[in-house]
Amino acid sequence: LTCLLASDAETAPYLLDEPMGLHAIFAHARREQAAASEEAAWALATLSANAQHARELANASDGLQLLLYLLGSDSSAVSLQASWALANLALQPIARSRMSMIHSIVPLLDAVRREGEPLLTRQSLRCLGSLLSEADCREALLGTENGLSTLVHLAGGSPSEIVDAAVRALAHACQHPKSAAPA
């Protein structure tokens, strides 16, 4: 019921007014049932679409870590909703800053590299594109194995939505002088 309330634009503010409302969704996401994780991921993605709710989610202790954990789920539906939420959150300066501190680049690159899931790839690239506006994230990308080459490969492929998101991420990655350093 909590996830259902969070997924509705009219009822979400009431849930977030409750001191433990957001943490109830987090607890639901951590349950071992796939359906529970999917419901919670959907609720978090919906909350992240509203700027005020996104700030609350970014400020919540362990909210971003939970979304990164859900991003690595074996369930395509859970991973997709987590990537959608992370992409929305990365538009918020506070979330970008926090994501750069918790080493979010590797889980995002893992999601980008998953085969056969173009929506997951696109949303993860959207998030990376926003995060790479932060110097710490650009340096983290350069410190990963094949991170930059993964973006270059995707920028030369298809479909156009993935190419556009990869090019945007590359543009942000190349803003830093260290991006020209040999790999």
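In which helix is isoleucine 94 found? In this predicted model, where residues are numbered from 1 along each chain as its sequence is written, local features need pLDDT of at least 70, side-chain atom pairs count only at pLDDT 80 or more, and totals for chains, interfaces and linings use all residues. Side-chain values use heavy atoms, with hydrogens and water left out.

Isoleucine 94 belongs to helix α8, which covers residues 93-101. Helices (H or I, at least four residues) and strands (E, at least two) are DSSP runs, numbered from the N terminus. With a relative accessible area of 33%, isoleucine 94 is partly exposed, a class that lies between buried (under 20%) and exposed (over 50%), using a 1.4 Å probe and protein chains only. Leaving aside residues up to four places away in sequence, isoleucine 94 touches Ala58 and Asn59, where a contact means heavy atoms within 4.5 Å. Alanine 58 sits 36 residues from isoleucine 94 in sequence, yet their C-alpha atoms are 6.9 Å apart in space.

The view can now widen to the whole protein. Its secondary structure comes to 13 helices and zero strands. The radius of gyration is 16 Å, close to the 16 Å that the globule rule gives for 183 residues, so the protein is as compact as a globular protein of that length. This radius is taken over C-alpha atoms, and the rule is 2.2 Å times the number of residues to the power 0.38. The C-alpha trace spans about 50 × 30 × 25 Å along its principal axes. Of the 183 residues, 47% are buried. Among contacts with a separation of 6 or more, 63% join residues 24 or more positions apart.

Helices α10 (118-131) and α12 (147-155) each supply at least two lining residues, and α12 gives the most, with three.
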